[in-house]
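Reader: Hi! Could you walk me through this one in plain words?
Author: Happy to. Have a look at it first.
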Amino acid sequence: MKIVITGACAVSARNVLRSLKMSEKFKDATFIGWDMCSILYEVYAKDFDKLYKVPGVKDPQYPKVIQEILEKEQPDAVMVLPEVEVLYWAKHPFDVPHMTPTAEFCEMAISKRKLFNLLKGTGLVPLSEDLSREDALDDNYKLPLDFPMWVRDASAGTASGKGSFKANNITELRAWVMINTGIDNFQISEFCPGGNYGVFCLFEHGKLLKCAIAERLEYIMAKVAVSGITGNTSKGRFLNDESIKKQALDTIERVCLATGSKMHGVVVVDMKADANGVAKVTEINIRYVAYNCLLASAGFNFAESHLLTVLGRSNELSPEVEMQFPKNNMWLRDVDAVPVYVEDYKDLNVGDCVEK
């Protein structure tokens with residue numbers, strides 16, 4: 001069997017690959033990646049059997065190059081992972097087994113502005129408004145939200161906490177806007193001090209097949225980011241929480257209704273709990289997030305379920321939608337290290353010794 005994974009040089013794609021190599025069903029498959037190869041690590045790590053350099057989806061040569069690769073390799077399935085590529089394939093599908101949400105769903109989800117405007121007043125998202133660079137620096141402009149507020153880049157498809165910052169006053173807000181010269185349109189939101197969650201969902205033609213909730217606790221190299229959020233989680237855990245799940249699924253359903261869609265494919269709903277502990281949706285990712293292989297390590301191989309569904313083999317999935325995770329589970333990631341899943345985590349005291 002031959003499987004293509006797109007966006008192959010990104011951390012999330014490498015972790016999908018790691019998950020599939022952990023699968024008894026797919027561990028012996030031939031894995032082909034393609035990417036713009038701006039991140040060189042994977043080019044020389046050679047985790048894929050083959051890796052093609054391709055143009056970005058905005059390049060007029062993209063469809064020609066992709067079609068040539070597909071004709072040459074004749075893959076059994078393509079796992080389309082980067083958000084801009086998911087959107088492209090949703091609009092311009094190639095004749096090969098793959099899964100994406102509808103183009104209308106993708107257009108709504110990939111835009112923080114459109115998503116928040118749709119959900120305004122529902123209680124599902126934090127209070128939020130758009131903020132242009134000009135307004136932020138205008139002494140006569142009255143901000144619609146109180147401090148502290150969360151500021152971030154409002155552009156479609158942004159990741160890794162780009163432009164994110166907790167502003168405690170107008171001086172900090174303006175300084176942040178001035179520093180981030182590459183961002184013209186910001187989003188400001190009520191600051192949510194509670195838990196930080198990612199809700200993984202796999203759908204097939206409107207039916208929820210698999211769901212898992214992760215809580216992000218710490219970030220890799222958090223000290224280098226003013227916000228403390230770098231987009232790559234170093235410490236987290238898996239949860240079973242019906243209220244968080246309900247909020248995420250309600251959000252997906254509302255976007256589906258607004259776009260006339262049946263949810264199909266993978267989404268990860270990011271959420272942050274407000275001062276009252278209520279999880280609010282901050283974005284819908286039409287892609288995997290970086291730590292996805294930890295689910296496979298925990299015994300819930302999300303990427304395997306995804307690929308089986310792409311191949312038309314969802315009848316082979318185990319019947320449970322969710323896995324019941326141990327209460328004390330913990331997962332850990334670090335630079336240049338294989339992620340580690342700990343089923344029964346305990347804090348160490350001074351003098352404690354851990355043996356093999």
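**Strands and cysteines**

Author: Ile-5 stands opposite Met-79 in strand S4. This is a predicted model, where local features need pLDDT of at least 70 and side-chain atom pairs count only at pLDDT 80 or more, while totals for chains, interfaces and linings use all residues. Residues are numbered from 1 along each chain as its sequence is written, and side-chain values use heavy atoms, leaving out hydrogens and water.

Reader: How many bridges join S1 to S4, and how do they run?
Author: Three bridges join S1 to S4 (residues 77-79), and the two run parallel. Strands pair if DSSP finds at least two bridges between them. Strands (E, at least two residues) and helices (H or I, at least four) are DSSP runs, numbered from the N terminus.

Reader: And what about S1 and S2?
Author: S1 is joined to S2 (residues 30-35) by five bridges, again in parallel. Thr-30 in S2 is the bridge partner of Lys-2.

Reader: Why is S1 largely enclosed?
Author: Because four of the five residues of S1 (residues 2-6) are buried, meaning under 20% relative accessible area (1.4 Å probe, protein chains only).

Reader: Is Cys-293 buried or exposed?
Author: Cys-293 is buried, with a relative accessible area of 1%.

How values were computed: Buried < 20%, exposed > 50% of the residue type's maximum accessible area, 1.4 Å probe, protein only.
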